[in-house]
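Here is a short report on the fold of one chain.

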Amino acid sequence: MKKQHELDRMIPLVREMVVGDCSDEEIIAAFQNFRVTCIGDANNLSTHSGQVALVTLISLVARMGVQIDIRIPEIELFGVQPPLNGCYLRSGILDLGSDLIPGSAITCWDNGKVDVALVMGDTAAPRLDCASWRLVGTAWSGTIHPIERKGAAWSDAWPIGAMVAAALAASEVFKAVVRQIQLSKPTPFWLEYVDQIRDAAWDFGHGLPIPHHLDMDQFDMVSGGAVSQALYFALMRLPEVHLRSRVFDNDTTDNTNLNRNLLSRYRHIGMKKIDVIRSYDIQNITAVCARLTEVNIHDYVPLAPSVLVGADDIPTRWLIQSCFPQWLGVCGTSHFGTLTSSHTKGEACAGCLHWHDEQGVGEIIPTVSFISFWAGLALAVRVLRKEIGRPYSTREQALWLVPLRMDDPNAGFWSTVSPRADCPVQCQASRAAIAR
Ligand SMILES: [Zn+2]
């Protein structure tokens, strides 16, 4: 049996963008021969948001298997930055690089040739003969734009915008490698999805206040996989936000999870995913080693008033919805898209939205780090907005996001969820629809 490679679950996604023969080895080599430099100065990295932008960026990009060169000063960390160990930014990042994807490393930049450069805030950048972007942002919004354009320094403590900017930049790295592969291969008709973009932005806040202290209601998290780890990755970084959470999963980390499970390091292979989440000993998180099914769910009800589902399995979403939590948040990924939604009493439920189970049994789901991260981050913001009393409106009940071209005004599509007469959960809204 062929040994699994850490990038095995990303390879099918790349292959969707290349027509004709392209071996696994060719794809792996393209990523592992690609160099990215990340540049930040003391001013930008002496803020929590600047540190979050850099750590998120590196955690997303390194998981693709590319080589990373950093040019940053050594600085003490202001807040927790899992999966980094220790109290210092540069040494923590270098240490992460030695414990992630074998054959890929994070090193200090010696001015060698690089393929992409990513610059933090208003850091002065050298003239480089490669694609390059500046990462800037505010508390809730993030932007990438050409490095020739002036940027503002990272200055906020609230880091949602920092994580947005990092996710925007990570997608450009992925596309840049794919374009190199495509140079020698026929390409599909929808090539424009991998075109290099000049700038892109996303705002999760639109004037939202920043909570200065928040004790979140207890929530249950179903799954300890990629989307869940992305959600905890985001929530753990929010200053003065306190979680009480129970996470359910019985799955074990394997090497193919490293490409997107944001809290996982190579040393976690063989460890339960829930134990990886708890291993950082941050926040009040209880782990339950169980995969919730119709057989065992009675052992765990009542579930918390708020339940978040990051499981890919559609019947699991129906099962949790059938327990009728007060608030249910669901998110998942499909190829290059993410779908996030929330469901309260009287609204069309998760069964109305995910009414068809089209996934084959045992089917490997193609994944890449930044897609899973967008899903987890969008769900984190959705639950946060509920907690601070600024929930999304019914018109924003679902968000379909395609993060490959965030410069496209239609990259994010908001919608209400309509009740379906054939809802597998037979929720209140669906029964009302039948009665009408
Ligand atoms: Zn329904």
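The sections below cover the basis, the whole chain, the domains and a sheet.

## Basis

This is a predicted model: local features need pLDDT of at least 70, side-chain atom pairs count only at pLDDT 80 or more, and totals for chains, interfaces and linings use all residues. Residues are numbered from 1 along each chain as its sequence is written.

## Whole chain

The chain holds twelve helices and 17 strands. Both are DSSP runs, numbered from the N terminus: helices are H or I with at least four residues, strands are E with at least two. The radius of gyration is 21 Å, close to the 22 Å from the globule rule for 436 residues, so the chain is as compact as a globular protein of that length. The radius is taken over C-alpha atoms, and the rule is 2.2 Å times the number of residues to the power 0.38. Along the principal axes, the C-alpha atoms fill a box of roughly 65 × 50 × 40 Å.

Of the 436 residues, 49% count as buried. Buried means 20 or more other C-beta atoms within 10 Å of the residue's own, with C-beta atoms placed from the backbone. Among contacts with a separation of 6 or more, 71% join residues 24 or more positions apart. A contact requires C-beta atoms, placed from the backbone, within 7 Å.

## Two domains

Domain 1 spans 11–203 and domain 2 spans 214–435. These bounds come from an automatic or database domain assignment. The C-alpha centres of the two domains lie 25 Å apart. Across the boundary, 33 residues of domain 1 are in contact with 30 residues of domain 2.

On the domain 1 side, H1 (11–15), H4 (48–62), H6 (160–182) and E7 (200–203) each supply at least two residues. H6 gives the largest share, eight residues. That side divides into 24 nonpolar, four polar and five charged residues. Nonpolar covers Ala, Val, Leu, Ile, Met, Phe, Trp, Tyr, Cys and Pro; charged covers Asp, Glu, Lys and Arg; the others, Gly among them, are polar.

## An eight-stranded sheet

Eight strands form an open, mixed sheet in the order E12-E11-E9-E13-E14-E15-E16-E17. Pairing requires at least two DSSP bridges between two strands. The edges are E12 (284–288) and E17 (412–415). Neighbouring strands are turned by 15° on average, direction ignored.

E13 (306–309) and E14 (327–334) pair in the parallel sense over four bridges. Val307 has Leu328 of E14 as its bridge partner. Helix H11 (369–387) packs on the sheet, touching E9, E13, E14, E15 and E16. The direction of H11 makes about 165° with that of E14. Axes are lines fitted to C-alpha atoms, for helices over the stretch in contact, and angles run from 0 to 180 degrees between N-to-C directions.

Conventions
Two residues are in contact if their C-beta atoms, placed from the backbone, lie within 7 Å. A residue is buried if 20 or more other C-beta atoms lie within 10 Å of its own, exposed if 12 or fewer, and partly exposed in between; C-beta atoms are placed from the backbone.
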